[in-house]
Amino acid sequence: MGKILGRGCSELKSVFSVIETAELHNYGAFRYRDFVSSYLYQFRMHGIVALFRSSFPSLLCANVCCSSVFKSYRFSIATAALTFVVARSSKAIAFSSYFCSMRNLALLLASIFLVSAAVPKTTRLSKDLKEISGWVFANDSTLIAHNDGGNDPKLFVLNLDGSIRHKVSILNAENIDFEDITLDQKGNLYVGDFGNNKNVRTDLRVLKVSLKKVLDNENVEAKFIDFSYPEQTDFPPKLSQKYFDCEAMSFYNDSLYLFTKCRSEPFDGKCFVYTLPTKPGTYKATKKYYMVIGKRDWFRDAVTAADIHDGKLYILTYNRFIIHSFDNGRAKYESHQILVPITQKEALAVHSSGKIYIADERQKLVGGGNMYVIKPTEKNP
């Protein structure tokens with residue numbers, strides 16, 4: 001069996017080289033090779049995979065045939081390493097011919113044992129939060145959450161089980177790209193409207209609203225902290241300098257700390273740390289330093305959320321959370337914990353108990369739409 005599995009992995013690597021430029025269905029921005037290698041990284045040998053062709057001519061996928069054995073886990077293998085989506089181009093024809101010549105490989109894959117060692121989900125979130133991209137604890141029994149850009153400018157007051165207590169509309173704002181939310185010691189919420197995938201925005205801002213008003217009312221108005229990155233002079237910058245997207249923010253020592261999301265090509269994994277004042281106004285963000293989260297790809301090593309709690313900085317990516325000590329605004333790596341399957345995890349908040357609450361967006365291909373409550377392990381898995 002070991003020789004068979006080894007041969008299968010070798011053959012898959014050959015497939016990767018052919019489909020390197022193909023795009024994932026509905027995820028054109030994902031580099032397909034990164035997507036596939038990410039899922040191979042998280043798989044474990046267990047459970048039967050059946051290879052089948054979907055109704056879409058360009059989609060070949062694998063699915064798990066042993067879900068009854070692992071009822072507590074959410075499997076997304078149908079969207080993983082064996083999901084081949086072919087771009088409609090001359091390369092698609094080349095790939096099709098190549099794959100058809102690999103009949104033996106298809107038969108081999110039908111007997112390979114693959115299963116994802118997934119983190120058990122705690123709650124299926126409401127469809128109203130299908131694009132959740134940030135949340136923060138208002139107190140030990142309440143979370144405040146929001147959706148990603150393009151949705152209504154609403155805040156959701158949640159119970160600890162993820163159920164919605166009530167919804168609040170921000171009347172004087174638009175949700176261009178809400179990405180994270182944090183709370184200061186004076187009872188002010190800050191919502192980061194600074195998502196900037198293409199690095200072209202010139203209207204970045206943070207919304208400041210009263211927590212008390214959010215808890216007690218259905219409508220609130222925000223004050224605004226408008227800002228720019230002084231290092232950015234071109235919109236967009238060169239591919240190698242695409243460092244001006246941001247999906248993570250936390251309050252610390254009277255300032256807002258922003259942790260940028262790397263979109264550079266080639267990918268170098270740099271996360272720049274910026275600060276902003278909390279007083280409404282117009283500012284240039286202050287760059288402090290940068291960290292290298294990892295150099296593999298943005299699917300695994302780009303920052304999607306952050307929280308600072310009890311002297312620790314918690315950073316989220318699609319496949320793990322990372323814990324740093326955080327002293328006087330400086331981060332020092334301590335540990336990390338892998339989270340599988342890889343989904344679009346974009347919300348993280350740390351409870352006073354030390355438990356970490358994480359949520360992912362709901363996607364047809366990669367799954368998600370869940371809340372996870374995790375107690376950090378003492379050692380890396």
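Helices (H or I, at least four residues) and strands (E, at least two) are DSSP runs, numbered from the N terminus. The structure described here is a predicted model, in which local features need pLDDT of at least 70 and side-chain atom pairs count only at pLDDT 80 or more, while totals for chains, interfaces and linings use all residues. Residues are numbered from 1 along each chain as its sequence is written, and side-chain values use heavy atoms, with hydrogens and water left out.

A patch of positive charge on the surface is formed by Lys121, Arg124, Lys127, Lys130 and Lys364. Patches are made of residues with over 30% relative accessible area and no salt bridge, like charges being joined within 9 Å and nonpolar side chains (Val, Leu, Ile, Met, Phe, Trp, Tyr) within 5 Å. Lys and Arg count as positive and Asp and Glu as negative, whereas His and the chain ends are not counted; the place of a charge is taken as NZ of Lys, CZ of Arg, CG of Asp or CD of Glu. Accessible areas come from the Shrake-Rupley method with a 1.4 Å probe, and for residues only the protein chains shown count as cover. Lys127 is classed as exposed because its relative accessibility is 64%, the classes being buried (under 20% relative accessible area), exposed (over 50%) and partly exposed (in between), with a 1.4 Å probe and protein chains only.

Salt bridges, defined by a side-chain nitrogen of Lys or Arg within 4 Å of a carboxyl oxygen of Asp or Glu, number 12 in the model. One of them joins the side chains of Arg205 and Asp226, with an N to O distance of 2.9 Å. This pair links distant parts of the chain, 21 residues apart, with Arg205 in strand 14 (residues 205-210) and Asp226 in strand 16 (residues 223-228). Both partners are partly exposed, Arg205 at 24% and Asp226 at 23% relative accessibility.

Buried residues also take part in such contacts. Arg300 pairs with Asp297, the closest N and O atoms being 2.7 Å apart; Arg300 is buried at 9% and Asp297 at 2%. Arg320 and Asp301 form a salt bridge as well, with the closest N and O atoms 2.9 Å apart. Because Arg320 lies in strand 24 (residues 320-327) and Asp301 in helix 6 (residues 298-301), the pair ties together parts that are 19 residues apart in sequence. Arg320 is buried at 7%, and Asp301 is buried at 1%. Finally, a network of salt bridges links Asp245, Glu247, Lys261 and Arg263.
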